[in-house]
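Please consider the predicted model shown below together with its sequence. The paragraphs that follow lead through its surface, one of its helices, its charged contacts and its ring pairs.

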Amino acid sequence: FYQAKYIFTTCVKDNPRNPEYRFLLGNYLFNLGSYEKAIDSYSTALSIDSSHCSARKMRAYCFDIIGDVDKALEDYIIELELNKHELWLIKRICDIYIINRKLIEAMTQLKIAICIDRFNSSSKQIMLVVKKIHELVADN
């Protein structure tokens, strides 16, 4: 790992405006469990190239890991606007909405997931559960 750190930090030092090097440094830091430092590196990559999808996904994942679901959700939604058919992304957004009891938003995301993958029974099953919960909440 020491050699990897030296390589990534040297690349970033020699090419500070290269978003790919910042992204790779972020991955290195992520694998060390240094999520806040990884977020900083991914954020720098995104400030250089706002369309760097991999940096945005990994930053969102880091936010998710450290419990900052609002920032994770913000990045996931931006990424979904760029990649509308990423099923895992839709499901993660849906999970966050369910956790935060935003059931209407969760159902909207589940409908999208079902449209993308009509044969995926897990999205349909989750939709039934969310609808039932929403009905119970509305009744009380």
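Tyr 2 counts as exposed, at 68% relative accessibility; here buried means under 20% relative accessible area, exposed over 50%, and partly exposed in between (1.4 Å probe, protein chains only). The residue belongs to helix α1 (residues 2-14), where helices are DSSP runs of H or I with at least four residues, numbered from the N terminus. Together with Tyr 6 and Ile 7, Tyr 2 makes a nonpolar surface patch of about 410 Å². Such a patch joins nonpolar side chains (Val, Leu, Ile, Met, Phe, Trp, Tyr) within 5 Å, taken from residues with over 30% relative accessible area and no salt bridge. The accessible areas come from the Shrake-Rupley method with a 1.4 Å probe, and for residues only the protein chains shown count as cover.

Residues are numbered from 1 along each chain as its sequence is written, and side-chain values use heavy atoms, with hydrogens and water left out. The model is predicted: local features need pLDDT of at least 70, side-chain atom pairs count only at pLDDT 80 or more, and totals for chains, interfaces and linings use all residues.

Attention now turns to helix α4. This helix has 14 residues and reaches 20 Å from its first C-alpha to its last, close to the 20 Å expected at 1.5 Å a residue; the expected span is 1.5 Å times one less than the number of residues. Its buried residues are Ala 55, Arg 56, Arg 59, Ala 60, Cys 62, Phe 63 and Asp 64. The buried residues of α4 pack against α2 (19-32), α3 (35-48), α5 and α6, with contact meaning heavy atoms within 4.5 Å. After α4 comes Gly 67, which has a positive phi, near 90 degrees.

A salt bridge is a side-chain nitrogen of Lys or Arg within 4 Å of a carboxyl oxygen of Asp or Glu, and the whole structure holds 6 of them. In one, Asp 75 meets Arg 56 at 3.6 Å, N to O. Because Asp 75 lies in helix α5 (residues 69-82) and Arg 56 in helix α4 (residues 53-66), this pair ties together parts that are 19 residues apart in sequence. Asp 75 is buried, at 2% relative accessible area, and Arg 56 is buried at 8%. A network of salt bridges links Arg 56, Arg 59 and Asp 75.

Where does the partner of Asp 64 lie? Asp 64 forms a salt bridge with Arg 92 (2.7 Å, N to O), and the pair links distant parts of the chain, with Asp 64 in helix α4 and Arg 92 in helix α6, 28 residues apart. Asp 64 is buried, at 15% relative accessibility.

The aromatic rings supply another set of contacts. Rings of Phe, Tyr and Trp (its six-membered ring) pair if their centres lie within 6.5 Å; planes under 30 degrees apart count as stacked, over 60 as edge-to-face and the rest as tilted. The whole structure contains 5 aromatic pairs. Phe 30 and Tyr 35 form an edge-to-face pair, 5.4 Å centre to centre with 65 degrees between the planes. Phe 30 is buried at 16% relative accessibility, whereas Tyr 35 is partly exposed at 22%. The centres of the Tyr 76 and Trp 88 rings are 6.2 Å apart and their planes stand at 90 degrees, so this pair is edge-to-face. It links Tyr 76 in helix α5 with Trp 88 in helix α6, 12 residues apart.

Note on methods: Helix = DSSP H or I, 4+ residues; strand = E, 2+ residues; numbered from the N terminus. Patch = residues over 30% accessible without salt bridge, like charges linked within 9 Å, V, L, I, M, F, W, Y side chains within 5 Å.
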